[in-house]
Structures are given as structure tokens and as C-alpha cells.
Amino acid sequence: MTTVRQRRVAKGTEAAEDQPSEEKNVKPDGKILSDHTGGKLWSILSVTVGGIVAISLGLLTSVYVATLHENDLWFSNIKEVEREISFRTECGLYYSYYKQMIQAASIQQGLHGLVYDNKTESVRTINILERMNIYQEVFLSILYRILPIQQYLEPVYFYIYTLFGLQAVYVIALYVTSWLLSGTWLSGLLAACWYITNRMDTTRVEFTIPLRENWALPFFAVQIAAITYLLRTHLQPIQERLMLMAVFIATFLFSLTWQFNQFMMLIQALALFILDCFDMLPTATVMWLYVIQMSGLLLVCVLQFFNSMILGSLLISFNASVLIARTIQKNLKTGGLLNRLGKLTLHVLLVLCLTLLINKFIKKILNLESDEHIFKFLKAKFGFGATRDFDANLYLCEEAFGLLPLNTFSRLSDTLLFYVYVFVLFLMAVAAVIVAFRNLSDSNQVQLMEKMEESTVTLKPDAAYNLIHTILFGCLALSTMRMKYLWTSHMCVFASFGLCSTEVWKLTLKCFHLYTSQRTHVIKYSIPIITLLYIAYKFWPGIMDELSELREFYDPDTVELMNWIKSNTPNTAVFAGSMQLLAGVKLCTGRTLTNHPHYEDKHLRERTKQIYQIYAKRSPEDVYRILRSFGTDYVILEDSICYERRHSRGCRLRDLLDIANGHIMDGLGENDPDLKPALYPRFCEEVKKNLPSYTIHFSRVFQNKTFHVYRLAKQK
């Protein structure tokens with residue numbers, strides 16, 4: 001099991017200014033005021049300073065996470081096999097394709113090996129570029145080969161520095177989004193500081209470097225920044241075209257780098273749909289964004305050799321349905337309140353029905369079942385009936401796919417982020433409800449409200465989008481802990497925007513009859529500065545202590561296993577075992593696998609369930625037959641799985657297998673009445689006793705405190 005231990009080494013105020021106003025200050029006769037030139041120069045200076053601060057914070061974040069990674073593992077000092085083992089589970093699988101491309105005789109041979117891969121899944125040839133989102137590994141490997149840097153930089157450092165560099169892009173995008181929303185770069189500074197001080201809940205890049213989300217989320221943040229700018233009022237046509245292009249490029253790169261892109265963009269499409277229904281965004285812009293989402297995803301589909309999971313995605317069906325429905329219902333935004341509510345209800349039902357029909361039709365035509373495990377998981381998670389499905393239970397029992405732990409909120413509250421976020425969210429949500437009602441009301445009601453100018457609540461399109469975005473992704477994070485990183489980073493943006501927003505403080509002060517423009521101006525700068533000082537005072541010493549703490553990678557059992565495999569097994573040997581371990585086997589040794597952690601394929605899921613019978617109550621003959629059907633030469637058994645204690649009864653891997661096989665679970669506790677005692681003992685326990693019925697098929701060839709490797713007898 002991979003651990004870290006203490007390294008054994010010898011002792012040795014800037015002014016925040018608004019962005020340029022979009023409306024020129026003019027005299028009644030149309031002449032520009034005399035101070036226009038001075039104001040313009042001051043605005044240019046403010047933008048320049050804000051840009052320098054953004055880039056500096058982005059680079060500092062990259063250096064910060066890179067230093068943490070080095071200090072945690074002593075990455076520069078450990079052996080290559082230890083570096084590779086540190087890329088855990090699916091991270092190791094993805095990195096193995098980068099390594100494969102680097103070691104190939106030529107770029108052409110490397111690409112051929114990916115398109116016609118027969119080492120990732122034994123007795124099968126699969127197209128890795130079609131199955132997995134690894135174009136980033138392909139691009140980086142080609143870049144490394146053609147750049148004159150091989151003598152100065154090892155391939156692994158080129159890879160990890162690229163990921164750490166993307167963190168700079170991520171932070172800059174968050175900074176810019178907050179700046180665009182509030183009009184002051186002080187807001188961006190606060191967002192970046194919150195992102196860094198809440199690192200435990202905003203990113204995990206320093207210990208899961210090759211994970212797909214670490215590639216994708218920076219591009220998603222860039223896309224949100226581009227959408228935020230696109231939704232500003234009074235844009236010039238050239239600005240609008242440039243922003244649409246930026247949104248498309250960011251959407252494409254986000255989709256290309258993460259297999260869960262379609263689900264994230266579906267939530268984004270729902271946000272756009274809600275806002276469009278309540279007339280809070282320009283309809284033409286929303287339609288363009290739907291088209292961009294679809295075109296970006298379809299382009300990725302082409303690059304992934306027409307990946308059927310993309311074609312059958314709910315996003316494609318939903319966006320197509322919305323575009324069709326808007327064509328049919330052209331007068332959706334006319335009439336009185338009841339009339340519009342009726343039209344909206346019909347519109348929602350039409351879109352929902354069209355989405356289901358189109359999606360079902362596509363999946364029927366393509367015979368698509370790659371994502372069925374996700375819907376089984378969601379059905380069981382939200383209480384639509386219990387399930388004995390092995391794949392669904394495998395997800396349900398993982399902490400990462402459970403509800404967001406409550407201690408997350410206490411950590412976020414320590415930096416004041418959560419308190420500010422709730423305050424801003426409440427005010428903005430109230431404003432959104434008022435604006436939505438006003439937009440749906442008839443013209444007489446609108447005129448009545450316009451007369452009460454002091455009481456009128458407004459919500460800009462860019463702020464409205466970010467409000468619904470944070471609400472929907474917040475719901476996703478609350479339901480599934482692994483997705484919290486999509487929410488917490490945007491939480492930093494939204495909270496900092498609210499704290500530096502003239503509109504938020506204006507609304508707050510009006511509620512207490514304390515509003516003056518001077519008071520609002522003072523508060524919108526003083527409160528963020530005080531917050532920044534508090535964060536610096538409370539967390540700077542902790543960050544310095546964290547950077548000074550030195551540990552090192554320590555996993556001797558896995559290192560011993562990998563070295564033994566490389567030295568004592570043929571290059572063509574096929575290994576069976578747990579998904580997580582086999583990813584490391586492929587990376588460290590290059591041996592052929594029976595299964596792996598990239599779970600978005602029905603045949604692989606069925607294969608994995610069969611391979612995992614090594615931890616179930618099955619006869620040695622059954623296990624041998626199953627393993628040999630996949631061409632297995634060696635099987636690796638892990639004590640941490642066979643005698644698992646990490647999960648409670650009912651969620652241990654052996655329990656999930658027992659339930660799926662209809663067997664009573666081990667240990668004290670209740671069992672479903674239809675479960676029956678197994679006819680055979682648990683294989684992973686009995687095979688270690690060297691009984692004749694087992695040794696005839698399995699002979700132990702390696703053993704340490706964690707792993708047991710058995711060679712399968714050749715079939716006669």
C-alpha cells in the first residue's frame with residue numbers, strides 16, 4: 001500500500017480600481033468631459049496592474065503545487081519505478097500511454113500502437129484513442145520528441161510541469177471571471193487567494209496529477225470566463241465573434257480531455273435553458289452557446305473515431321431538442337404572466353419528451369450500453385429502488401461518489417469563504433426571483449415596477465448565468481463528493497464577486513435604508529481588503545509550514561512486486577488482478593492486462609466482474625476457467641482486498657461479489673432472505689493453503705506482506 005513517511009534528511013497595498021465603464025461620460029450637448037483622458041489612462045493602468053497580479057498569482061500557484069508534490073514524495077530523488085507507482089490507479093493508466101508514445105520507435109508507430117492496442121485488454125484489440133480521452137498525452141509526447149529538451153528535462157517532468165502549468169491557467173481564468181463580474185481586479189485577487197487557501201477542497205492536482213479533471217477544469221474555467229464576457233452588454237460585433245470563438249475553443253479542449261464532459265456541459269445547458277425561459281439572457285446568445293456545445297462535442301466525437309457514447313449523450317439530445325422546440329414555439333416570450341407560464345410549461349414538456357425520444361432513438365440505432373452503469377448508479381443513489389448490480393454498488397460504496405461530507409463546510413468556513421458565499425448567494429437568488437417574476441409579468445406590471453425606480457432590482461446577464469451555474473453545480477457537489485471541485489473553485493469566484501460588487505452592497509444597504517453611493521464605494525473595497533488581511537494573517541504561517549514539511553515516497557511492497565514482474569516474467573505475460581493495481585503493472589512493466597480502471601465500456605465491466613471472482617466464493621476450477629478465458633498467465637491477489645476492513649460490511653468488494661452471486665456475506669449482520677450459503681470457500685483465502693485442488697491449477701511464484709502472485713497452469 002502506498003504511503004508517505006518523514007524524509008530522513010540532515011537539518012539544514014495596491015489600490016483597487018474599477019474596470020473602464022462601458023458608457024462614456026458626456027455632457028448634455030454631447031461633448032466628452034475634460035477628465036475623460038485622465039480616466040482612460042487610469043483605467044489602462046488599473047487593467048495593467050490587475051493583469052500583472054493575475055499572471056503572478058497563476059504562476060505562484062503552479063510553483064506552490066509543484067513544491068508540495070516534490071516535498072510530499074521527494075520526487076526528484078526516488079527511483080523511476082517509485083515515480084511511476086506514485087501515479088495511482090487510473091492516473092498510472094493514462095500516463096502509461098504517454099510513456100508508450102515516448103518509447104515508440106517513431107511517432108507513427110506510437111500512434112499505430114494506440115489505435116491497434118492489444119496489451120490493455122488481453123485477447124482483444126481496442127482503439128485507445130476512441131475509448132479514452134488521451135489526446136493530451138499524445139500531444140505532449142509528440143511535443144517532447146520534437147523539442148530540443150531531451151537532454152535537459154526528463155519526460156516525466158515535462159508531463160507534470162505541464163499539468164502544474166495548467167493550474168496557472170486555471171487560477172487566471174477564475175481571477176478574470178471574478179474581475180469581469182465585479183468590475184475590479186481586487187475581486188480576482190480575493191478569488192485566487194481563496195482558491196489557494198482552500199486547496200484541499202478546490203483541487204487535488206498535486207497527488208493525482210494525470211487525472212482527467214486536472215486537464216479539463218482549467219479549460220472549463222476559461223470557457224466560463226469567456227461566457228461571462230460574452231454576456232456583457234454593449235459588446236461590439238468583433239468582440240462578440242472573438243468571444244464565441246474563445247468559448248468554442250475552450251469547450252472543445254474541455255470535451256477532448258475528460259470523459260465526463262457531456263454530463264458537466266449538460267448541467268451548463270440546463271442553466272442556459274432555465275435563464276432563457278425566464279428571459280434573463282439574450283436568446284440569440286443562448287442559441288449560439290447550444291450550437292457551440294454540440295459542435296465542440298461532435299468534433300471530439302470525430303477525433304475519437306465516432307465514439308458512440310458521445311453520440312448517445314444526453315447533451316446532444318437535449319440541445320437538439322431545445323433548438324427544435326424553439327423553432328416550433330417562436331412566440332414563447334409574449335403575453336401576460338399566466339399566458340407565458342402556460343407556454344413555458346408546454347415548452348419544458350416538449351423539450352423533455354423530445355430529449356428522451358431522440359436519446360432513446362440514438363441508443364437503439366447504435367446499440368449503445370456504455371453509460372448504462374451511470375444511470376443504474378444514479379437510480380440507486382437517489383432511492384429509486386435497491387440494486388444488486390455489481391457496477392452500481394461499486395460506485396455507491398466509494399466515498400468519492402457519496403454525499404459531500406459536512407466537514408467540508410467547516411474547512412470552507414475557516415477562510416470565511418462559505419459565509420460570504422451563502423450571503424451573496426441569498427441576495428442574488430432573491431434578486432433573480434424578483435427579476436424572473438418581473439420578466440414574466442405583463443407590460444402593465446412592468447411599467448408599475450419601473451415607476452418605483454429606487455426599489456427596482458436588476459440582475460445582469462453575466463451575473464445571472466454565474467448564479468444558476470453555481471446553484472446547479474452546488475447541487476451536483478452536494479450529491480457526489482468527487483464533483484465538488486467543479487463547485488468549490490466557482491464558489492471562490494462567486495463569493496469574491498459578491499463581496500466586491502456595487503450591486504450587492506447597494507441592495508444590502510437599501511434594505512437597511514443606509515444607501516449612499518459613497519458608502520457603497522467604501523464598503524466594496526474595505527471589506528475585501530479586510531478579508532484579504534484576515535486570510536493572510538491566519539493562513540500564511542500554515543502555508544509556510546506546509547512548504548517546509550519534507551516527506552518521501554515509501555511503498556516497498558509494490559516496488560518489490562513491479563521489479564519481480566519485470567525480471568521474472570516474459571514480456572508477453574498476461575496479468576489479472578484489481579483494476580487499480582493493474583494500471584500500475586502496465587505502466588511499470590508494460591505487461592498485458594486483463595482489465596483496467598477506465599470503466600466506460602460494457603464489455604470491460606463484465607470482464608472485471610468475472611476477474612474479481614478471485615475474491616468471491618468460487619471453486620478453483622471455476623476461477624481457473626474464467627482466468628484462462630481471458631488468456632491469463634499470472635494472477636495477483638491483494639490482502640488489502642481479500643481481508644478488507646476499509647469499508648463496512650455490505651460495501652467490501654467481497655460482499656458486493658457475494659451479493660451479486662447470490663451468496664450470504666461474511667461476518668455478523670443481516671442478509672437478504674433469498675441469499676444462500678456458498679458451496680465453496682473464498683478463493684483468495686483458500687488458494688494460500690496450497691491444497692491439491694488448488695495447486696493443480698495455481699502455483700505461487702511470488703509473495704510479500706501485501707501481494708501474492710500465482711502462475712496458472714497451462715491448459716492441456
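These legends accompany close-up views of a helix pair and of several cysteines in a predicted model.

**View 1. Helices α10 and α11 pack side by side as a roughly antiparallel pair.**
Here we look at helix α10 (residues 212-230) and helix α11 (residues 237-257), whose axes are 8 Å apart and meet at an angle of about 160°. Angles over 145 degrees count as roughly antiparallel, and α10 and α11 are therefore described that way. Their crossing is left-handed.

**View 2. The contact between α10 and α11 draws on residues from both helices.**
From α10, the residues taking part include Trp215, Phe219, Phe220, Ile227 and Leu230. Among their counterparts in α11 are Met243, Leu244, Val247, Leu253 and Phe254. What kinds of residue make up the contact of α10 with α11? The tally is 16 nonpolar, four polar and two charged. Arg212 in α10 and Glu240 in α11 also belong to this contact.

**View 3. Cys397 and Cys651 form one of the two disulfides in the structure.**
The sulfur atoms of Cys397 and Cys651 are 2.1 Å apart. With a torsion of about -75° about the S-S bond, this disulfide is left-handed. It links distant parts of the chain, 254 residues apart: Cys397 sits in the loop between α18 (390-396) and α19 (407-414), while Cys651 sits in the loop between α30 (639-642) and α31 (653-660). Buried or partly exposed? Cys397, at 11% relative accessibility, counts as buried, whereas Cys651, at 22%, counts as partly exposed.

**View 4. Cys642 and Cys684 are joined by a disulfide.**
In this pair the S to S distance is 2.0 Å. The torsion about the S-S bond is about 80°, so the disulfide of Cys642 and Cys684 is right-handed. Cys642 lies in helix α30 and Cys684 in helix α32 (residues 683-686), so the bond ties together parts that are 42 residues apart in sequence. Cys642 counts as buried at 1% relative accessibility, and Cys684 counts as buried at 0%. Counting bonded cysteines along the chain, the disulfides follow the pattern 1-3, 2-4.

**View 5. Cys91 is in no disulfide.**
Which cysteine sulfur is nearest to that of Cys91, and how far away is it? The nearest belongs to Cys588, 13 Å away. Cys91 counts as buried, with 3% relative accessibility.

**View 6. Cys301 is a buried cysteine.**

How values were computed
Residues numbered from 1 in each chain as written. Predicted model: local features only at pLDDT ≥ 70, side-chain atom pairs only at ≥ 80, totals over all residues. Heavy atoms only, no water. Axes fitted to C-alpha atoms, helices over the stretch in contact; angles between N-to-C directions. Helix = DSSP H or I, 4+ residues; strand = E, 2+ residues; numbered from the N terminus. Parallel < 35°, antiparallel > 145°, perpendicular 65-115°, else oblique. Left-handed = near helix turned anticlockwise from the far one by under 90°. Contact = heavy atoms within 4.5 Å. Nonpolar A, V, L, I, M, F, W, Y, C, P; charged D, E, K, R; others polar. Disulfide = S-S within 2.5 Å. Buried < 20%, exposed > 50% of the residue type's maximum accessible area, 1.4 Å probe, protein only.
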